[in-house]
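Here are my notes on the model you sent over. Have it open beside you while you go through the points.

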Amino acid sequence: MVQPLKILLWRCLAVASLLLGFIGAFVPVMPTVPFVLLSAWAASRGWPRLEAWLLTHPVFGKSICEWRTRGAISRRAKYCAGSGMLGSAILLQFLPLPAWGLWARWAVPLILVCVFVWLWRRPEH
């Protein structure tokens, strides 16, 4: 009973993260690649056919394999992620925030800078 439940949970995580990645392809402030990577990881534990499909996918397959083997991120992905983070940080400065949310004007860009530095230190393809 426990094993089928674990497989079901891994599959649910794989599908949910793949759906979030799909949404992220069309919504500028939501990332795509981290959700696709999460989906491949979850599929490797409970859905080998989905994992194989993701690994051979013409758009995401190479990136997933590079991430798994070397932790590598393509330069194009770094530029896209950096511009998305910059755009989000700038947009945040112009959004009306409640008085208690003003800390976000500083905290979110600071976190994005940390992620940006980490991202650019990753090896490339």
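This is a predicted model: local features need pLDDT of at least 70, side-chain atom pairs count only at pLDDT 80 or more; totals for chains, interfaces and linings use all residues.

1. Rings first, with the rule I used: two rings of Phe, Tyr or Trp (for Trp, its six-membered ring) pair if their centres lie within 6.5 Å, with planes under 30 degrees apart called stacked, over 60 edge-to-face and the rest tilted. Searching the whole structure turns up five aromatic pairs. One of them is Trp10 with Trp41: the ring centres are 5.2 Å apart and the planes sit at 85°, so this pair is edge-to-face. Trp10 belongs to helix 1 and Trp41 to helix 2, so the pair ties together parts 31 residues apart in sequence.

2. Residues are numbered from 1 along each chain as its sequence is written, and side-chain values use heavy atoms, leaving out hydrogens and water.

3. How confident is the predictor? pLDDT is its confidence in each residue, from 0 to 100; the protein chain has a mean of 90, and 98% of its residues reach 70 or more. Helices here are DSSP runs (H or I, at least four residues), numbered from the N terminus.

4. Back to the two Trp residues. Both fall in the partly exposed class, which lies between buried (under 20% relative accessible area) and exposed (over 50%), using a 1.4 Å probe and protein chains only: Trp10 has 24% and Trp41 has 37%.

5. Another pair is Phe116 with Trp120, whose ring centres are 6.1 Å apart with planes at 55°, so it counts as tilted. These two are four residues apart in helix 6 (residues 104-120), about one helical turn. Phe116 is partly exposed at 34%, and so is Trp120 at 28%. Together with Tyr79 they form one aromatic cluster.

6. A charge sits over a ring if NZ of Lys or CZ of Arg is within 6 Å of the ring centre and within 35 degrees of the ring normal. Arg45 lies over the face of Trp10, 5.9 Å from the ring centre, and Arg11 over the face of Trp47, at 4.9 Å.

7. Last, helix 2. Its buried residues include Val36, Leu37 and Ala40, and the buried residues pack against helix 1 (2-24), helix 3 and helix 4 (61-70).

Note on methods
pLDDT is the predictor's confidence in each residue, from 0 to 100. Contact means heavy atoms within 4.5 Å.
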